[in-house]
Amino acid sequence: MIRARGIRKSYRLAGARAGELPVLRGVDFDVEDGEFAAVIGRSGSGKSTLLALLGGLDSDYSGELKVAGKDLRTLSDAELSAYRNATIGFVFQAFHLLDHLSCEDNVALPALFRVDGKESKEARLTRARELMDTVGIADKIGARPGTLSGGQKQRLAIARALYHRPKLLICDEPTGNLDSASAAAIIALFRRLRDESGVTLTIVTHDPTIAAAADRVIEIRDGVVELAGGGEEVQA
Amino acid sequence: MSSLGAIVRGNLRNNAVHFALASVGVIVGIAAFAFFLALGAGVREVVLGKIFPLDQLEVIAKSMTLDVGPVSLGLASDVLDEKAAEQLRGVAGVRGVYPKMKLTAPAIGLGGKQIIGNDIRTELIIDGVDPALVQGEFSGSDQFRVVPDPLATTPTACAADSACPKDMYCGKPYRGGPGKVCRDYVPVIASPHMLEIYNGSLRRAYNLPRLNPDFLIGVTLDMQVGASMVQAAEKDELLYEKLKLVGFSDKAVPLGVTLPLSQVARYNVHFGAPEAATRYHSIIVKIESKDQVAAVAKAIEELGFEVTDGGAEQAGFLISVFVLVFSLLSTIIVGIAAVNIMHVFFMLVYERQREIGIMRAVGARRSDIQRIILGEAACVGLIAGAIGVGLAYATSRVFDYVSAQHLPDFPYKPETYFAFSVDLVALALGFAAGFCVLGAWLPARRAARMDPAAVLTGR
Ligand SMILES: Nc1ncnc2c1ncn2[C@@H]1O[C@H](COP(=O)(O)OP(=O)(O)O)[C@@H](O)[C@H]1O
Ligand SMILES: [Mg+2]
C-alpha cells in the first residue's frame, strides 16, 4: 500500500531563525495492504510531517513515495484532491469537524468534492447515517457535533474518513485528546474496521497500547526510521 | 457546483453579520449609482421625449449666407416645394413627410375674455401643418381640417348663432362689410409647450389663473388676416375669421397658432401669388426609429437641405455628461467599498483557515476553495446590490413626492424624475457582484494557496 524510499523533507524558516529546518532525512519503509501500522517518535520528530506527505496535503519533498500505486509527487492539484477525497481518509487529533453542519452533513462532506458521479442528497444522507451506525453513534443522527463527547466526535470524524470507502486511513494521534476508556474504544473500532473491510491503517501515536496492537511499528528518530517491525518487538 | 452552492449558502448564513458590515459601502455605492443613472434616464426621457422629440427632424431650405464681420447677409434661399417633399419621402428610414407653411401676411388676434377675463389684441404667428401629421394624436383631431372656401359659397345672412347650422357661428363676412353671415370656425391647434411655459412661469409673474388643457379646447379667437399693428398689408384688404382651438400637439408651432396647411396656403395665395400654395417653409420628416435619426439627417443634408437643430443634441450631451460624472463618483464609492470587502474577506479567510483546511483534506481542490469564496462574494454583492437599488428607488420616490408637494410648477415639471429600467437594475446588480468578486479575488487566492497541513496538525 505504501512504499517510501529516501524521503527528505525540510521546512524553510523565515524571520529570526531563517534557514532550512531538515525534518525527514531519508525515510524508508513499507506498509502492506490491510496492515495496521503505528508511527511513533518523540514530539517534534516529524510524524505529522510524514502523514501530511502520505495524505497528499504536501508534495514539497524529495524521494519516492508511492501510495496505492500512485507516485504522489507527480500528481496535479486536481489528482491529489481526488486522492484525498476517495483513496484515503484522514483522522486528526483535534477531530476537525464543522460545527455549523449537522453530524450527517459532516460525514457526507467528502461527497461535495467528488468529481466523478454526483450523488443525490438522499443518497448522501443514507450513506452518512449508515456510517454513523457503523461507528456506533446512530443515536446522534440530526445532532450538531458541538453536543458530542470527545469519543463521539472522533467516531464521527472516522465516519467522515470512511465515506468513500478509502483504501488507507491516515490518523494523526487519534486518541491524543481522549480519556483512556474512549481511547481504548476507538482502537477497538479501528481494529474492527480493519478486520471487516480490510482497510489499511497508518496511525501516528504516543499511546503504547496502540503501538502494541499494530502489525508494524515505524519509529522516527533524528529524521530517519530507526526501527521497523511488529508491535510486540517494541514492547519487548 | 451545486454542492458547492450548499457550502456557500451555509457560509453566508454563518457570517451574516460580517457580510452585512462589509456590504454597507457596496449598498451606498450601488444606491448612488442606480439613483443617478435612473435620474439621468428619467430626465432624458422628459427632455428628449417631450421637449425635443427625437423621432422627427425639421428640414429647411439651405440658405447661403455670407458673413461680413458681425453682419450675415442672406444671399440665396431656395424654397421647399412639392418636389423637395417628394425627394425627402424617398430617403431611407423616413416614415412620413409633412410640410409646414408660415402665414406670410400679417395677422392679429382679438380675444381671451373667456380665459383670462379681458380681451387682448395680439400679433399672431400663424403656421400651417399637414393635418395628417396630427391625425389621431388627440381626441377631435379629425376636426383639424381645412374649411370650405367662403369665396366659393354664397353666405347665408343671420342674426344669431342659433340661426346657423350646428358648428357654425354668426359673424362678420369673410371679406368684411356690413351685416352678419353664417361662418365656419377655422380649427387651430396649439403647442403644449406654450401651455407649459404659461403655467410654469408666466402665469405666476402676472398672477393669472392656471390653465387646464381640457378647459381650453373650444376657446375661440377673432383673427384678421392682412391687418397688423406694425405694418400695413400689401393688399389693402382684411379677411375676417374666427379661430377655434381643437387640440394640443407638439407638432404645432411652439409660440403661435397652427392651422391646417391648405388654410394657410389659401391666405398666402390671396395676399401673394398662386405659387405660394406649395411654397413650404419647412418640412417635418418623421423617422422610423430613433436610432436612424443621425443617418437620415446625413442623407437629407446630402440632398442639399438643411436640418434645423432643435437643441436635442446639446441637451442629450449635457445629460450624458451629468450621468457620466455621477456614475463615476458612484463607481469610486463602490471601488472603495470593494477594498473594504477585500479586508473583510482577508479576515474571514484567516478566521476560517481550519474550515478551509478541512475541506482541502476531504478532497477540495484549490479551485473549489476559490470558487466557494468568490461565490460568497458574488452573493454578498447581489444582495447588497439589490438592497442598494431598493434604497435608490425609495429615495427617488421621496424625491418625486417632495417635488410634487413642495416645488412650485415649472415648465415640463414631470411626475417622476427617474426611470428605473430592467437594464438599469441588471447593470447595478452586475456591477455590485462584479466589484465584490474583484474585492474577494486576492483573499480567495490566498485561501486556495493556504497550507492545509499546518492548520490541521495544530501548528
Ligand atoms: N509548517 C511548518 N513550518 C516550519 N516548521 C514546521 C512546520 N511544520 C512542522 N515544523 C517543524 O518540523 C518539526 C516536526 O514537526 P511535526 O511533524 O509536527 O512533529 P510531530 O508530529 O512528530 O510532533 C518540528 O520541529 C516542527 O517545529
Ligand atoms: Mg504531530
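A salt bridge here is a side-chain nitrogen of Lys or Arg within 4 Å of a carboxyl oxygen of Asp or Glu. With that in hand I counted over all chains and got 30 salt bridges. The model is a predicted one, and I read every entry below with that in mind.

**Entry: chain A as a whole**

I began with the make-up of chain A, which has nine helices and ten strands. I then looked up burial and found that 54% of its 236 residues count as buried. The accessible surface of chain A is about 9,900 Å², and carbon and sulfur atoms account for 47% of that. I also checked how far its contacts reach along the sequence. Of the contacts between residues at least 6 apart in chain A, 69% join residues at least 24 apart.

**Entry: where chain A meets chain B**

I turned to the two chains together. On one side 23 residues of chain A take part, and they are in contact with 25 residues of chain B. The size of an interface is often given as the accessible area lost when the parts come together, so I looked that up next. Between chain A and chain B about 2,100 Å² is buried, with 63% of it from carbon and sulfur atoms. Which residues of chain A lose the most area to chain B? They are A:L57, A:H96 and A:F113, which together give 29% of what that side buries.

I went on to the polar side of the interface. Ten residue pairs, both at pLDDT 80 or more, are in polar contact between chain A and chain B. Helix 1 (47-54), helix 2 (77-87) and helix 4 (109-112) of chain A are the elements that each give two or more residues to the side touching chain B. Helix 2 of chain A has the largest share, with five residues. Sorted by class, that side of chain A holds twelve nonpolar, five polar and six charged residues.

Two salt bridges run between chain A and chain B. I noted one of them by name: the side chain of B:R366 meets that of A:D77, at 3.8 Å from N to O.

**Entry: salt bridges within the chains**

I looked at A:R5 and A:D30, whose side chains meet in a salt bridge at 2.8 Å, N to O. The pair joins distant parts of the chain, with A:R5 in strand 1 (residues 2-13) and A:D30 in strand 2 (residues 19-31), 25 residues apart. A:R5 counts as partly exposed because its relative accessibility is 28%. A:D30 has a relative accessible area of 22%, so this residue is partly exposed too.

Next I took A:R194 and A:D195, a salt bridge in which the closest N and O atoms are 3.3 Å apart.

In chain B I looked up B:R352 and B:E355, whose side chains form a salt bridge at 3.9 Å, N to O. B:R352 is buried, because its relative accessible area is 8%. B:E355, with a relative accessible area of 12%, is buried as well.

I also recorded a network of salt bridges in chain A. Its members are A:K9, A:R12, A:E20, A:D58 and A:D60.

**Entry: A:R127**

I found A:R127 in helix 5 (residues 121-134) of chain A. Why does A:R127 count as buried? Its relative accessibility is 10%, and the cut-off for buried is under 20% relative accessible area. The side chain of A:R127 makes a polar contact with the side chain of A:E130, at 2.9 Å. With neighbours within four places in sequence left aside, A:R127 is in contact with A:L162, A:Y163 and A:R165.

**Entry: A:F95**

A:F95 has a relative accessible area of 11% and so is buried. I asked what A:F95 is in contact with beyond its neighbours within four places in sequence. The list is A:G150, A:K153, A:Q154, A:A157, A:R160, A:N177 and A:L178. I also noted the distance from A:F95 to A:L156: 8.4 Å in space, C-alpha to C-alpha, for two residues 61 apart in sequence.

Technical notes
Residues are numbered from 1 along each chain as its sequence is written. Chains are lettered from A and ligands numbered from 1 in the order in which they are written. This is a predicted model: local features need pLDDT of at least 70, side-chain atom pairs count only at pLDDT 80 or more; totals for chains, interfaces and linings use all residues. Side-chain values use heavy atoms; hydrogens and water are left out. Contact means heavy atoms within 4.5 Å. Buried area is the accessible area (1.4 Å probe) that two parts lose on being put together, summed over both. A polar contact is a pair of N or O atoms within 3.5 Å; within protein, one must be able to donate a hydrogen and the other to accept it, and residues adjacent in sequence count only if both atoms are side-chain atoms. Helices (H or I, at least four residues) and strands (E, at least two) are DSSP runs, numbered from the N terminus. Ala, Val, Leu, Ile, Met, Phe, Trp, Tyr, Cys and Pro count as nonpolar, Asp, Glu, Lys and Arg as charged, and the others, Gly among them, as polar. Buried means under 20% relative accessible area, exposed over 50%, partly exposed in between (1.4 Å probe, protein chains only). Accessible areas come from the Shrake-Rupley method with a 1.4 Å probe; for residues, only the protein chains shown count as cover.
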